[in-house]
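Student: I have a new structure to look at. How should I start reading it?

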Amino acid sequence: MLAKIIDSLNMASKLTPYKVWNGGKVLLSYGVSRVTGKPKHAGLPISISFEPTTSCNLRCPQCPSGLRQFTRETGMLKDDFFKEVIDEFAPHLAYLTFYFQGEPYLNPQFLEMVKYASLKRIYTATSTNAHYLTPDIAKRTVESGLDRLIISIDGATQETYSSYRIGGKLDKVLEGARNVAEWKKKLKSKTPHLIFQFLVVKANEHEIPEIKALAKEIGIDEVRLKTVQIYDHENGSPLIPEQQKYSRYKKDSSGKYAIKNKLLNHCWRMWNSCVITWDGNVVPCCFDKDAAHPMGNIKTQSFKELWNNDNYRNFRQALLHSRKGIDICKNCTEGTKVWG
């Protein structure tokens with residue numbers, strides 16, 4: 001609990017009057033849009049996700065990066081392009097997620113980009129499979145100013161872990177987590193806030209208590225349980241856990257599986273955030289993994305123009321009237337209670 005409070009205070013410390021003012025405009029326009037059913041938008045994104053790379057070292061079965069199923073190109077975010085975008089976004093941006101698809105630490109410039117954003121007083125977070133957190137990289141991670149580090153760990157034994165994280169080594173994950181926790185202590189740093197993210201599937205749901213014990217022993221600040229996303233979920237999947245509270249889906253009267261989320265006709269993400277791919281495409285959110293709904297490209301047009309262009313207006317309009325009809329919304333958890 002104390003670690004969460006410290007993390008929240010750290011996040012709040014990076015706010016400025018302008019960021020608060022911008023956030024207020026975004027929130028107000030979202031409320032007006034929900035009431036009127038017409039997409040009104042004021043302000044600029046409070047949060048963005050920036051993709052360091054689409055490359056990954058693992059082969060996870062429900063991940064297009066791991067399955068190598070992208071129709072878009074694989075590549076690396078370039079440092080000069082990143083800095084150009086961050087310089088534009090810094091005045092209004094409160095939260096930066098250095099992740100979309102792929103493994104961020106495969107980008108050799110990743111930590112330098114984190115450091116640059118941190119110096120701009122933007123709260124920075126990333127998600128990693130933790131296979132590259134050597135003592136040196138762990139030290140550099142703490143020194144970069146990264147505020148939050150999410151470590152994906154989906155099993156307490158190698159057999160269970162590798163059943164989903166195909167090609168992964170649990171001992172490498174645990175070693176990497178320990179390296180970062182130790183360097184936090186050595187450098188007397190309160191950051192990054194360390195999170196074990198546990199993707200609950202049928203094969204590992206019995207190991208949740210063991211993961212919580214491991215987290216406590218290593219010095220992890222928080223454990224988060226995450227529901228698994230199944231692309232073709234209607235007929236079920238061996239990945240769906242038996243305990244309903246850990247499942248994103250429920251079986252209906254016909255025996256088919258459907259997402260628990262009612263998919264109401266609104267979505268806060270479409271007003272407060274966006275995702276930028278490594279090559280500059282702006283897409284609605286993290287559920288558009290293959291960038292099938294590009295709103296535009298910030299290498300060819302200004303973001304302020306793009307943020308309120310016809311593509312965005314039409315997409316927001318569709319959300320307000322028929323969210324269930326949008327393909328990337330079918331697995332979305334936005335609007336449901338986060339548990340963990």
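Student: Which residues touch the most other members of the largest nonpolar core?

Tutor: In soluble globular proteins, nonpolar side chains tend to be buried together. In this predicted model, the largest nonpolar core has 90 residues, and F50, F82, L96, F196, I276, V282 and F303 touch the most other members. Helix α8 (residues 170-186) gives the most to this core, with seven residues.

Student: Leaving aside neighbours within four places in sequence, what is V282 in contact with?

Tutor: Its contacts include I276 and F303, along with H293, P294 and Y312.

Student: Which residues of helix α2 are buried?

Tutor: An α-helix has 3.6 residues a turn, so residues three or four places apart point the same way. In α2, the buried residues are K19, N22, G23, V26, S29, Y30 and S33. They lie on the same side of α2 because they cover an arc of only 130° around the axis. P17, W21, L27, L28 and V35, on the other side, are exposed. The cover over the buried residues includes α10 (269-272) and α12 (310-322).

Student: How many salt bridges does the structure hold?

Tutor: There are 12. One of them joins K14 and D147, with the closest N and O atoms 3.7 Å apart. K14 sits in the loop between α1 (2-13) and α2, D147 in the loop between α6 (135-144) and β4 (148-152), 133 residues apart. Both K14 and D147 are buried.

Student: Where do R178 and E217 lie?

Tutor: These two side chains form a salt bridge at 3.0 Å, N to O. R178 is in helix α8 and E217 in helix α9 (residues 208-218), so the pair ties together parts 39 residues apart in sequence. R178 is partly exposed, at 28% relative accessibility.

Definitions and conventions: Residues are numbered from 1 along each chain as its sequence is written. This is a predicted model: local features need pLDDT of at least 70, side-chain atom pairs count only at pLDDT 80 or more; totals for chains, interfaces and linings use all residues. Side-chain values use heavy atoms; hydrogens and water are left out. Buried means under 20% relative accessible area, exposed over 50%, partly exposed in between (1.4 Å probe, protein chains only). Helices (H or I, at least four residues) and strands (E, at least two) are DSSP runs, numbered from the N terminus. The arc is that of the directions from the helix axis to the C-beta atoms. Contact means heavy atoms within 4.5 Å. A nonpolar core is a set of buried Ala, Val, Leu, Ile, Met, Phe, Trp, Tyr and Cys residues joined through side-chain atoms within 4.5 Å. A salt bridge is a side-chain nitrogen of Lys or Arg within 4 Å of a carboxyl oxygen of Asp or Glu.
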